[in-house]
Amino acid sequence: MSHSEHLSKQYDQDLEGLRSRVLQMGGLVEAQVLAAIDAFSGGNQGLVDRVVAGEAEVDEFEVSIDNDCGQVIVRRQPAASDLRLIMAISKTVTDLERIGDEAEKIARISGQIHERGRMPLEQFAGVRHAAAVAVAMLRQGLDAFARLDAVEAAKVIREDRAIDNEFRSILRQLITFMMEDPRTISTALEVLWVAKAVERIGDHAKNIAEHVIYIVRGTDVR
């Protein structure tokens, strides 16, 4: 193998390694979101603590992958599609880190809600349904990233409207609760923050799908 062929093979391995770690980070973030929603549904303090503790690992992934993206750019000076891939990876890990932040927020607020126990959370099936849509979007977006599938990514973008509709429905329901019983106001507002965090998770999943389309087609569809 010539020196140039060796360098080319190493470069391909570097890029594939970056993609693989993004998917590893995505798996961790998805687990964080699922645990946070379980904490919201059941009030398990152990899950709350696990999500809060896991946020540090999510942050470490972002810093490490971002640093390696910078190193590849400096060493390899990539052009065209490779440069798009590296830029999109950097943006994707930022979105994943922010999803992790939202999961931590959901977990913390869920712990506070259940500690007071003033409002039966079975009435908030809408939040759990919106969360299921958001998680599905994240999973689908990561799958599109893994396969660089722009068609699959476009489906994720279209799903974002469903979460927006769910959020508006939850907001109307919570306003009704607060008007009927002012004692529910503080808890209802916390549930609203959880619902807003779920909506933002959907937004970041949509961003990831848009990054995939940018990699594949070189088109910014934001």
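This is a predicted model: local features need pLDDT of at least 70, side-chain atom pairs count only at pLDDT 80 or more; totals for chains, interfaces and linings use all residues.
Biologist: Good to know. How many salt bridges does the count come to?
Modeller: The count comes to 13 salt bridges.

Biologist: Let's take a few. What does Arg19 pair with?
Modeller: Arg19 forms a salt bridge with Glu16, and their closest N and O atoms are 3.7 Å apart.

Biologist: Where do Arg19 and Glu16 lie?
Modeller: Both are in helix H1, residues 3-42. They sit three residues apart, about one turn of the helix.

Biologist: And is Arg19 buried or exposed?
Modeller: Arg19 counts as buried, because its relative accessibility is 16% and the cut-off for buried is under 20%. Glu16 is partly exposed, with a relative accessible area of 44%.

Biologist: How about Glu199, what is its salt-bridge partner?
Modeller: That would be Lys196, with the closest N and O atoms 2.5 Å apart. Glu199 and Lys196 are three residues apart in helix H6 (residues 185-217), so about one helical turn separates them.

Biologist: Which of those two counts as buried?
Modeller: Glu199 does, at 9% relative accessibility. Lys196 counts as partly exposed, at 29%.

Biologist: One more pair, then. What does Arg147 bridge to?
Modeller: Arg147 forms a salt bridge with Asp149, where the closest N and O atoms are 3.0 Å apart. Arg147 counts as partly exposed, at 46% relative accessibility.

Biologist: And Leu148, where is its place?
Modeller: Leu148 is in the loop between H4 and H5. Its phi is near 50°, a positive value in a residue other than glycine.

Biologist: How accessible is Leu148?
Modeller: Leu148 has a relative accessible area of 32%, so it is partly exposed.

Biologist: Changing topic to the inside. Which residues touch the most other members of the largest nonpolar core?
Modeller: Ile65 and Leu96 do, in a core of 68 residues. The elements that give two or more residues to this core are H1, helix H2 (45-76), helix H3 (80-116), helix H4 (125-147), helix H5 (150-180) and H6.

Biologist: Which element gives the largest share of this core?
Modeller: H6 does, with 14 residues. As background, nonpolar side chains tend to be buried together in soluble globular proteins.

Biologist: What is Ile65 in contact with, leaving aside neighbours within four places in sequence?
Modeller: Ile65 is in contact with Leu18, Arg21, Val22, Met25, Ile89 and Val93.

Biologist: Now the helix packing. At what angle do H4 and H6 pack?
Modeller: The angle is about 20°, and their axes are 9 Å apart. Angles under 35 degrees count as roughly parallel, so H4 and H6 are roughly parallel to each other.

Biologist: Is the crossing left-handed or right-handed?
Modeller: H4 passes H6 in a left-handed crossing.

Biologist: Which residues make the contact?
Modeller: From H4 they include Val127, Ala130, Ala134, Met137, Gly141 and Phe145. On the H6 side, Val191, Val198, Gly202, Ala205, Lys206 and Ile215 are among them.

Biologist: What does Asp160 touch, not counting residues up to four places away in sequence?
Modeller: Asp160 touches Met137, Gly202, Asp203 and Lys206. Of these, Met137 of H4 and Gly202 and Lys206 of H6 also belong to the H4 and H6 contact.

Biologist: Where does Asp160 lie, and is it buried or exposed?
Modeller: Asp160 lies in helix H5. It counts as buried, at 6% relative accessibility.

Biologist: Back to H4 for a moment. How far apart are the C-alpha atoms of Ala136 and Val156?
Modeller: They are separated by 8.8 Å, and the two residues are 20 residues apart along the chain. Ala136 is found in helix H4 and counts as partly exposed, at 37% relative accessibility.

Methods:
Residues are numbered from 1 along each chain as its sequence is written. Side-chain values use heavy atoms; hydrogens and water are left out. A salt bridge is a side-chain nitrogen of Lys or Arg within 4 Å of a carboxyl oxygen of Asp or Glu. Helices (H or I, at least four residues) and strands (E, at least two) are DSSP runs, numbered from the N terminus. Buried means under 20% relative accessible area, exposed over 50%, partly exposed in between (1.4 Å probe, protein chains only). A nonpolar core is a set of buried Ala, Val, Leu, Ile, Met, Phe, Trp, Tyr and Cys residues joined through side-chain atoms within 4.5 Å. Contact means heavy atoms within 4.5 Å. Axes are lines fitted to C-alpha atoms, for helices over the stretch in contact, and angles run from 0 to 180 degrees between N-to-C directions. Angles under 35 degrees count as roughly parallel, over 145 as roughly antiparallel, 65 to 115 as roughly perpendicular and the rest as oblique. A crossing is left-handed if the near helix is turned anticlockwise from the far one by less than a right angle, and right-handed if clockwise.
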